[in-house]
Amino acid sequence: MLDPRSEIYPTIEYRPIQPTDLEALEKIHLALFPIRYERGFFLNVVNGHGIVSWGAVDTSRSDDRRDQIIGFVTTRMIAAKDSEIEDLFRYNSSRKDLTLVYILTLGVVDSYRNLGIASSLVREVVKYAASIPNCRGVYLHVISYNQPAISFYKKMLFKLVRRLPMFYYIRGQHYDSYLFVYYVNGGRSPCSPLAFVKMLVAKFWTKEDHCNPRWTRCQESNTLLAPQSNKRIIRGDNTRCHV
């Protein structure tokens, strides 16, 4: 365990999560999150079945735990048209294959907090998303009472674009969710001038786009969008719950 009073900082390296991380990954999730994830979720993570993930390890340890993960981020590629924020990309209606990277879970063990590990893990995700030509952003949900996480993603320059009422259902209680997006590869907020012009062009020149995006406010730095028809409730056994 890292002594927070120590002046010697650990050497943190980042690598893909692998099958040998299974036990540690389960333990950290159990300690950090208010919901229990199914075994199948962890097996998919460590085997890379539909999930891309990174782990943080402290290579300065002198014991056999120097390759044991002390932080992680798990993600999944999602088609933009299947996401809650599909309407934010209608201005680019000429592209039907746009994708997004969705952050499933992100966490760091308590003894390694405040060392920039979570920030580095998110940067790995952003770098990965930017390397995919048809990807337009990284997005995630944060439960409404998690103020440290909300502040963290704002500091990482994610845009708060939507509030989803009663998105989570945990231990008999409903909670709202905030949806954050980090745009890559030319992805833009619908309130940016260029995206707005493209949206208008798409409206008048495409036959399929019959519905206008409904934006309640138009300030790119703090846009809040009320969902129209994509309300979802995430229960405790759902692996897409990011808190």
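## Ala31 and the basis of the model

Ala31 is exposed, its relative accessible area being 65%; exposed denotes over 50%, buried under 20% and partly exposed the range in between, with a 1.4 Å probe and protein chains only. Ala31 belongs to helix H1, residues 22-32. Helices (H or I, at least four residues) and strands (E, at least two) are DSSP runs numbered from the N terminus. The C-alpha atoms of Ala31 and Gly107 are 9.9 Å apart in space, while 76 residues separate the two in sequence.

The model is predicted: local features need pLDDT of at least 70 and side-chain atom pairs count only at pLDDT 80 or more, whereas totals for chains, interfaces and linings use all residues. Residues are numbered from 1 along each chain as its sequence is written, and side-chain values use heavy atoms, with hydrogens and water left out.

## Chain overview

The chain contains 5 helices and 8 strands. Read from the N terminus, these elements follow the order β-α-α-β-β-β-α-β-α-β-β-α-β.

Of the 243 residues in the chain, 47% are buried. The chain exposes about 12800 Å², of which carbon and sulfur atoms supply 52%; accessible areas come from the Shrake-Rupley method with a 1.4 Å probe, and for residues only the protein chains shown count as cover. Among contacts in the chain with a separation of 6 or more, 71% join residues 24 or more positions apart, where contact means heavy atoms within 4.5 Å.

## Packing of H1 and H2

Helix H1 packs with helix H2 (residues 39-47) at an angle of about 130 degrees, and their axes are 10 Å apart. That angle makes H1 oblique to H2. Axes are lines fitted to C-alpha atoms, for helices over the stretch in contact, and angles run from 0 to 180 degrees between N-to-C directions. Angles under 35 degrees count as roughly parallel, over 145 as roughly antiparallel, 65 to 115 as roughly perpendicular, and the rest as oblique.

On the H1 side, Leu22, Leu25, Glu26 and His29 take part in the contact, meeting Arg39, Phe41, Phe42, Leu43, Val45 and Val46 of H2. By class, the contact comprises 7 nonpolar, 1 polar and 2 charged residues. Here Ala, Val, Leu, Ile, Met, Phe, Trp, Tyr, Cys and Pro count as nonpolar, Asp, Glu, Lys and Arg as charged, and the others, Gly among them, as polar.

Ala24 counts as buried because its relative accessibility is 15%. Not counting residues up to four places away in sequence, Ala24 touches Gln68 and Ile69. Ala24 and Gly71 are 47 residues apart in sequence, with a C-alpha to C-alpha distance of 9.9 Å.

Pro19 is in the loop between strand E1 (12-16) and H1. With a relative accessible area of 51%, Pro19 is exposed. Pro19 touches Val46 and Asn47, residues up to four places away in sequence not being counted. The C-alpha atoms of Pro19 and Gly48 are separated by 9.1 Å, the two residues being 29 apart along the chain.

## Asparagines with positive phi

Most residues other than glycine have a negative phi. Asn114, although not a glycine, has a positive phi of about 65 degrees. Asn114 sits in the loop between strand E4 (99-108) and helix H3 (117-130), and is exposed at a relative accessible area of 79%.

Asn185 likewise has a positive phi, about 50 degrees, and is not a glycine. The loop holding Asn185 runs between strand E7 (173-183) and helix H5 (193-205). Asn185 counts as partly exposed, because its relative accessibility is 32%.
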